[in-house]
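The tour moves from the whole chain to single side chains.

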Amino acid sequence: MKKIIFNILILFFLNNCGFSPIYLQEKDVNYNVQIGIVEGDRVINNLIVSQLNRNNNKESTTKINININTEYKKTINSKDATGAAASYELVSKTLVDITKNNQTEKLVVTKKFIMDKNDNSFDQDNYEKTIKETFASSVFEQLRYKLNSLEWLLNLSK
């Protein structure tokens with residue numbers, strides 16, 4: 001009986017620990033993002049655009065136009081004794097133009113990663129796709145911080 005009461009008390013105290021879902025605060029955005037020109041790597045750009053659409057307030061009168069240009073390069077970083085690639089350097093450079101009321105801000109995000117070559121090409125392609133997803137998430141987070149910190153965005157009443 002004591003064990004049951006103890007477990008109930010533990011559950012009661014842990015229930016009020018302040019947990020809230022990550023995307024609960026995402027609904028507080030006061031802008032409507034409109035995607036314009038999207039150029040470059042299709043996978044990274046599609047992930048960024050889908051995250052922007054998910055973090056969007058369609059009812060807002062504040063419209064922000066965004067153009068995205070992503071360059072993605074995969075180059076050989078090192079070779080083994082036979083001359084075959086041993087590791088690759090993955091570089092993603094994303095240029096984002098943010099425009100509101102003829103005011104333009106630019107955001108440039110460059111990400112690099114060294115990936116070891118895997119003997120199984122299927123696993124290597126999946127790993128590269130995961131890295132691209134990480135690049136896109138990082139670009140989106142920096143873009144979201146930029147949108148939330150822009151002075152002209154904070155002064156919505158003007």
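The stops below each give a selection and what is found there.

**Before you start.** This is a predicted model, in which local features need pLDDT of at least 70, side-chain atom pairs count only at pLDDT 80 or more, and totals for chains, interfaces and linings use all residues. Residues are numbered from 1 along each chain as its sequence is written, and side-chain values use heavy atoms, with hydrogens and water left out.

**Stop 1: the whole chain.** Show the chain as a cartoon. It has 4 helices and 4 strands, in the order α-β-α-β-β-β-α-α from the N terminus. Helices (H or I, at least four residues) and strands (E, at least two) are DSSP runs, numbered from the N terminus. Of the 158 residues, 31% are buried. Buried means under 20% relative accessible area, exposed over 50%, and partly exposed in between (1.4 Å probe, protein chains only).

**Stop 2: helix 3.** Select residues 121-149. At 1.5 Å a residue, these 29 residues should span 42 Å, and the end C-alpha atoms are 42 Å apart, which agrees. The expected span is 1.5 Å times one less than the number of residues. At the start of the helix, a side-chain oxygen of Asn120 comes within 3.1 Å of the backbone nitrogen of Phe122. Next, colour the buried residues of helix 3, including Ile131, Phe135, Val139 and Leu143. An α-helix has 3.6 residues a turn, so residues three or four places apart point the same way.

**Stop 3: the core.** Select Ile48, Leu52, Ile66, Ile98, Leu143 and Leu147, the residues with the most contacts inside the largest nonpolar core, which has 26 residues. Helix 3 gives the most to this core, with 7 residues. A nonpolar core is a set of buried Ala, Val, Leu, Ile, Met, Phe, Trp, Tyr and Cys residues joined through side-chain atoms within 4.5 Å.

**Stop 4: Asp41.** Select Asp41, in the loop between strand 1 (32-40) and helix 2 (42-54). Is Asp41 buried or exposed? At 15% relative accessibility, Asp41 counts as buried.

**Stop 5: Leu47.** Select Leu47 in helix 2. Leu47 counts as partly exposed, because its relative accessibility is 26%. Leaving aside neighbours within four places in sequence, Leu47 is in contact (heavy atoms within 4.5 Å) with Lys132, Glu133 and Ala136.

Conventions:
Polar contact = N/O pair within 3.5 Å; in protein donor to acceptor, adjacent residues only side chain to side chain.
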